[in-house]
Amino acid sequence: KNNGLERLVELACQPKSGEALSAYGLASIFSYMAVSMETLRKEAFVGKDITAEQYDELQRLAKSKEEKELEESKETEVVDTENDVKARIRSMATHNVPRALFKLQETSK
């Protein structure tokens, strides 16, 4: 039985997959798997007049007391560690994601 990653690779390796509407989505899924959300968040603030931490503080200050209490009760933040990212990248390599990305590029117009 195929897992999700294997199925994505199969889709990307189909003939003319690079021309399909799903090509961008497949490439995006693969790219997001290879990076942590924290890294993406930090990159989004590079060159900006505000840091991610300052933005978080402004967001926190703008919330009402009820919103803050609700957020505190939901505090089950999932941490995406560097080891998690490395494990995903190893899995992607094992499941032929580089070949799938090549196929997407090769068959695109």
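Rings of Phe, Tyr and Trp (its six-membered ring) are taken to pair if their centres lie within 6.5 Å, and planes under 30 degrees apart count as stacked, over 60 as edge-to-face and the rest as tilted. The structure, a predicted model, holds one aromatic pair, and local features in such a model need pLDDT of at least 70, side-chain atom pairs count only at pLDDT 80 or more, and totals for chains, interfaces and linings use all residues. Residues are numbered from 1 along each chain as its sequence is written, and side-chain values use heavy atoms, with hydrogens and water left out.

The aromatic pair is formed by F45 and Y55, which are tilted, at 5.6 Å centre to centre and 50° between the planes. F45 lies in the loop between α3 (37-44) and α4 (52-62) and Y55 in helix α4, so the pair ties together parts that are ten residues apart in sequence. Helices here are DSSP runs (H or I, at least four residues), numbered from the N terminus. Y55 is partly exposed, with a relative accessible area of 36%; buried means under 20%, exposed over 50%, and partly exposed in between (1.4 Å probe, protein chains only).

Helix α2 (residues 23-33) packs with α1 (residues 4-12) at an angle of about 140°, the axes being 10 Å apart. Axes are lines fitted to C-alpha atoms over the stretch in contact, and angles run from 0 to 180 degrees between N-to-C directions. This angle makes α1 oblique to α2; angles under 35 degrees count as roughly parallel, over 145 as roughly antiparallel, 65 to 115 as roughly perpendicular and the rest as oblique. In the contact (heavy atoms within 4.5 Å), L5, L8, V9, L11 and A12 of α1 meet L26, I29, F30 and M33 of α2.

Helix α2 also packs with α7 (residues 97-106), at an angle of about 150° and with axes 11 Å apart. The two helices are therefore roughly antiparallel. A23, L26, A27 and F30 of α2 make the contact with V97, A100, L101 and L104 of α7.

Backbone geometry was also examined in the loops. Most residues other than glycine have a negative phi. K16, in the loop between α1 and α2, has a positive phi near 60° and counts as exposed at 58% relative accessibility. N96, located in the loop between α6 (82-94) and α7, likewise has a positive phi, of about 65°, although it is not a glycine. N96 is partly exposed, with a relative accessible area of 36%.
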